[in-house]
Every structure is written in structure tokens, then in C-alpha cells.
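Subject: Handing over the structure

Hi there,

Here is the structure I promised to pass on to you. Have a look at it first, and then read on for what was found in it.

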Amino acid sequence: MSDSNSPVVLITGASSGIGYATALAFARQGARVAAVARRADRLAALAEAAAELPGEILPLEGDVTRAADMQAAVEAVQARWGRLDILVANAGIGQRGPLVESAWEDIETVLRTNIDGVVHAVRAAVPAMRTGGRGGHICLISSVSGVAPAAFAAAYGASKA
């Protein structure tokens, strides 16, 4: 298992894609990783995949669109490891379709996840990094769509800009 000098990392959107791969990459290096996502079954699979790695994965079910969930995740990290060193704000979703014809609920879900989710994660993490005594690093995962949006992906592109 990892030791007390190993980095403590919180990753949102860790149940699939970039977040899943990033959590495993940190665990391979011996980091202590809090993996946050909405899908508990996928988080359990991630923890199982990392079981033989030198690091440790703490699966935490949570939704980045809820500030309270991000605060609870950071509190769980501090309770378990005493500090937070790195935040990887990765959670995000896409949506395709003509902007004027798309259902507002679909557009709002993209905006709440891709914008509010990042803000909630950062606002929860920074105070913990300040009090942890080691500073911290924040990595925000975006998309090329933020600077070069694809057709029928205006809401997604705007949320990533």
C-alpha cells in the first residue's frame, strides 16, 4: 500500500474514460486516490482493478452538480488521509443537437455538469489544500471543443471553453 508521503488525489468522473484511466495511473505510482462518480458499480470495478497496484483507491459516490457532494468527498479524503494534494476535475458530459431545438433540460445538464461541477470541486478542494500544509495542484480537464466546437455541439463547446 501507499505510504504517508504518497500524493493524495481526488478525481471526479472516475467511473469511465479519462477519469478511470487517470485514477489507475495515479494508483500505479503509489498515490492515494479518491475516485468520485455517480455510478457506484463502476467505482467498485475501478477499486477492484486497482487492488494489486501499489496505490489505494477510495471509491466515493457523488454528483459534481451538487456542491454538498463535492464537500462530502473532500471531507472523506481528509478523514481518511489527512490532506488533499491534487484535484483532477474531470467529470463531464456531452450533448449533440441543434441548440435552438434541443430540450432545455439536456442543455442545462451539460452546463451544470461541465461548468458547475468544476466550480463545486475547486471550491471544495482549495480550502483543504490550503490547510494541508503542502499546497496543491488542480488539473481541469477540458476539450478541444472549447476552442473549436463541432457542429451541433454548441452547448458542449461553450461549457468546455
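Let me start with the largest pocket, which holds about 380 Å³ of space. A pocket here is an open set of points on a 1 Å grid over the protein atoms alone, where a 1.4 Å probe fits and protein lies on both sides within 12 Å along at least five of seven lines; lining residues have an atom within 4 Å of a point. Grid points are joined across faces, edges and corners, and the volume is the space filled by probe spheres set on the points. The lining has 25 residues, and those closest to the centre are Gly13, Asn90, Ala91, Gly92 and Ile93. Elements giving two or more residues to this lining are α1, β2 and α5 (154-160), and the largest share, three residues, is that of α1.

A word on the ground rules. This is a predicted model, in which local features need pLDDT of at least 70 and side-chain atom pairs count only at pLDDT 80 or more, while totals for chains, interfaces and linings use all residues. Residues are numbered from 1 along each chain as its sequence is written, and side-chain values use heavy atoms, with hydrogens and water left out. Helices (H or I, at least four residues) and strands (E, at least two) are DSSP runs, numbered from the N terminus.

Now to α1 itself, which covers residues 17-28. Its 12 residues reach 17 Å from first C-alpha to last, close to the 16 Å expected at 1.5 Å a residue (that is, 1.5 Å times one less than the number of residues). Which residues of α1 are buried? They are Gly19, Thr22, Ala23, Leu24 and Ala27, where buried means under 20% relative accessible area, exposed over 50% and partly exposed in between, with a 1.4 Å probe and protein chains only. These buried residues pack against β1 (8-12), β2 (32-37), α2 (40-49), β3 (56-61) and β4 (86-89), with contact meaning heavy atoms within 4.5 Å. Just after α1, Gly30 has a positive phi of about 90 degrees.

Next, the strands, where a pair needs at least two bridges found by DSSP. β2 and β3 run parallel and are joined by six bridges, with Arg32 partnered by Glu56 in β3. From β2 the chain passes through α2 to β3 in a right-handed β-α-β crossover; right-handed means that, with the strands pointing away from the viewer, the path from the first strand over the helix to the second runs clockwise.

β4 has parallel neighbours too: three bridges join β1 to β4, and four link β4 with β5 (residues 137-140). Leu87 is the bridge partner of Leu10 and also stands opposite Ile138 in β5. Along β4, Ile86 and Val88 point one way, Leu87 and Ala89 point the other way, and all are buried. Together, β4, helix α4 (residues 104-131) and β5 form a right-handed β-α-β unit.

Finally, a few single residues. Arg123, in helix α4, is exposed because its relative accessible area is 62%. Ala68, in helix α3 (residues 67-81), counts as exposed at 58% relative accessibility. Phe152 sits in the loop between β5 and α5 and has a positive phi of about 65 degrees although it is not a glycine.

Enjoy exploring!

Best wishes
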